[in-house]
Amino acid sequence: MPTPVPIFALVDCNNFYASCEKLFNPKLAGVPVVVLSNNDGCVVARSAEVKALGIPMGVPWFKIHDQARQHGIVAFSSNYALYADMSNRVMEVLAQFSPDIEVYSIDESFLDLAGFESIGLAEYGRQIRERIQQWLGLAVCVGIARSKTLAKLANHCAKKNLAGANGVCDFTAMSAADMDSLLDRIDVAEVWGVGRKLAPRLDAMGIRTVRALRDADANSVRARFSVVLERTVRELRGTSCLALEEVAPAKQQIICSRSFGQRVHDFDDLQEAVASYISRAAEKLRQQDSLAGAVTVHIQTSPFNLSEPRYQKAVTLPLPEATADSRLLARWALLILKQIYRPGFAYQKAGVMLSDICPRRMHQPSLFGALGENERLMRTLDRINSRWGRGTLRLAAEGMGKEWQMKRGHLSPGYTTEWAGLPTVQAR
DNA sequence: CTATAACTCTCAA
DNA sequence: CTAACGTTGAGAGTTATAG
């Protein structure tokens, strides 16, 4: 249970994906490394060397290919299994430092540090940092403050080495005057919750720094923007409005969508993709012990290719009865696909969504009993796939997936997740 | 007209 | 040789629709 007056620490791994790749290959020390999104599409992580070259986050890989070659940048496809495994290890270590921890994303967590003041919060932060470095070889930064939004900002300062942070920044120990001058120097766009759209609007009103937003009139912020931004203002003043969420609530919707490795034209290939995605989504659904009451299928051509005919369509089907059975969900999904498929287009992406989700135990079975749902079969399916790897046991409709599967031309070995990925020792 | 549903926009990692 | 541009989830706000 979080303490009544919490002190938040935000611990965030530096360049997480890129650092994971470097970890298992000493030759990459000092080498610029990028990690690419699914399909080797965009740059989603950059090592410090790449950031120094001025390569922006999110840029399509093909656009910087030449530049990358010039600078000897090494690119990796996303190796999600590796990052998830390293993430789990990081979170296990972090959990040793506080009974109250919220895993916020794959590379960051909020910790409640109330009660550790006697050690010195900054000192405690340094211990966290050192232990993760020593045990896992990963660099993290720690931001400490009285609200989540401020802890995020403190983390930003730690990363940018503002206020002599050196990896740890504790706002709770800073004087009001020092805070003022620090927040004066930080762009309002750095604030958690201020994104692409909000930043220019704030700028137009003369709110350009974090300090200006903090000192803005909360009521007029609410009137002109939203309750969300008003909450941000209060958080910036040190009033905690966002609580630590230790247990992740069950998802209200579950999505699985992916771009294809190559354009897809045939219904059959699309069908394989949709069946695979629905399988994956159903697996997630069963993991949280829920049922879905509606299925959406979405297909689209590339939004970037202006010369080809464009088409996109999504249809949602409310189910006669909520279910978590892959076979039933696949049947509904393929029914939708048949309805929305138009021949003659170069499809770039497909996706499925499960919604109208409810806990299995709250579900009222229909009068005539579940229509073909086989809970035991699904449990067996999940057990086999978790033991032998995802996709070991599949629906027939999923096919072998050659045409549409995503490109991963720069995949690193599964260092921590597969025996074959272990680095070998050369005899000499 | 109101209450709700459906959809759109924004943000984040 | 050319073309090539991520995924998932939440929540607020707005618009459409039913009664």
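For the classification used here, Ala, Val, Leu, Ile, Met, Phe, Trp, Tyr, Cys and Pro count as nonpolar, Asp, Glu, Lys and Arg as charged, and the others, Gly among them, as polar. On this basis, in the predicted model, the residues of the surface near DNA strand B comprise five nonpolar, three polar and five charged. Of the 13 residues around DNA strand B, those that come nearest are Ser 105, Lys 152, Gly 193, Lys 197 and Leu 198.

For Gly 193, a backbone N or O atom is placed 2.4 Å from a phosphate oxygen of DNA strand B. The corresponding distance from a polar backbone atom of Lys 197 to a phosphate oxygen is 2.8 Å, and for a polar backbone atom of Arg 196 the value is 3.3 Å.

A further site was examined at Thr 323, which belongs to strand β11, spanning residues 312–323. Thr 323 has a relative accessible area of 2% and is therefore buried, the cut-off for that class being under 20%. A polar atom of the Thr 323 side chain lies 3.0 Å from the backbone nitrogen of Asp 325. When neighbours within four places in sequence are left aside, the contacts of Thr 323 are with Leu 285, Leu 291, Ala 292, Leu 328, Leu 329 and Glu 373.

Conventions:
Residues numbered from 1 in each chain as written. Chains lettered and ligands numbered in written order. Predicted model: local features only at pLDDT ≥ 70, side-chain atom pairs only at ≥ 80, totals over all residues. Heavy atoms only, no water. Near = heavy atom within 4 Å. Polar contact = N/O pair within 3.5 Å; in protein donor to acceptor, adjacent residues only side chain to side chain. Helix = DSSP H or I, 4+ residues; strand = E, 2+ residues; numbered from the N terminus. Buried < 20%, exposed > 50% of the residue type's maximum accessible area, 1.4 Å probe, protein only. Contact = heavy atoms within 4.5 Å.
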